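Colleague: Could you take me through the strands and helices of this model, step by step?

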Amino acid sequence: MQLTSAAFSGPDSIEAFRETYGRLLMQLEIDPLPGVPFELDFRIRGVNGFSIADGRLSPTTNRHTASMIDNDDIVLVHAVQGHGALRQIGREVDLPSGNATFVTNSEAGEFLGYVPSQLQNFRFTRKRLEGVLVDIDDGLLRSIPSDDPTLGLLTRYASILNDEEALALPELRDAIVTHMHDLAAILLGPNRDGQQIASRRGVRAAKLHAIQDDIKRNLASRDLTLDAVAQRNGISARTARELFREWHTTFTDYVLKQRLAMAHRKLLDARFAESPISSIAFDCGFGDLSYFNHSFRRRYGARPSDIRAAGLGKTP
């Protein structure tokens, strides 16, 4: 879902947006600062009791009033860029660029945006956090610095909601939601047993996702090795191997699968219709054309030239 102030025009556009999106959907009284053009553009994605809202917001005062309270979800507010402050339950926390903090939907609160900001709001279900933590409310309105390693893992792992393959099966969707709650629990402050559970599940899953993202960004590189990827992500090669093994694959198999998928996409893309298949193979990180052809046919049951011809509506 996309929420944008640009969808409203005319002299009453701000009030129409505040009523339609602010009060009803976002459960906020949004008040633009006087003399500052109002802009809000957020994208909302959710699955199984977890959601992310990320986007841009002009300087505003945003109040979650008592009359708007209808759930007890916990929200992690992450200031990707900008500067603001949050007030709730008698506490106030400054929110400079990169920092984050937790708030609750079960209490009235206020967010002050001093400058144009880019924000991420991660919404968690309280019930899934209970039992893992000593005291959820004690973790609210505490400053989480930008260099917190768990915050970094959580924000990177959240990008998995853009991966249709990862969300294809119900059990995978539920696992992702569990991992996100594990990471939130660590940031809030789990008890000893909760720390062990959350670290074993959420942290390891997030680390594997970070490694997989690294691989996808560097598929064309001939220097894509397990040691290099592990070092870039601050873990040992041994740990990286264990993470892949837990998901019943290996580094080598994962890289091959992603390179073949990349080549498959290019063969079906009209923009690469004139590119030799050998060039596509090399651009996808393959150094041996024979190996590429053999691996491609084994995975897709057809030659690269057959896939290209079928995709472009030609006879091979």
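This is a predicted model: local features need pLDDT of at least 70, side-chain atom pairs count only at pLDDT 80 or more; totals for chains, interfaces and linings use all residues.

Modeller: Residues are numbered from 1 along each chain as its sequence is written, and side-chain values use heavy atoms, with hydrogens and water left out.

Colleague: Which strands stand at the edges of the sheet, and why is one side of each without a neighbour?

Modeller: Strands are DSSP runs of E with at least two residues, numbered from the N terminus, as are helices (H or I, at least four residues), and two strands pair if DSSP finds at least two bridges between them. The open sheet has 6 strands with antiparallel pairing, in the order E1-E3-E4-E11-E6-E9. Each edge strand has a single partner strand, so one side of it is left without a neighbour in the sheet, and these are E1 (2–4) and E9 (100–104).

Colleague: How are helices H3 and H4 oriented towards each other?

Modeller: Axes are lines fitted to C-alpha atoms, for helices over the stretch in contact (heavy atoms within 4.5 Å), and angles run from 0 to 180 degrees between N-to-C directions. Helix H3 (residues 149–157) packs with H4 at an angle of about 155 degrees, their axes being 9 Å apart. Because angles over 145 degrees count as such, H3 is, relative to H4, roughly antiparallel.

Notes
Angles under 35 degrees count as roughly parallel, over 145 as roughly antiparallel, 65 to 115 as roughly perpendicular and the rest as oblique.
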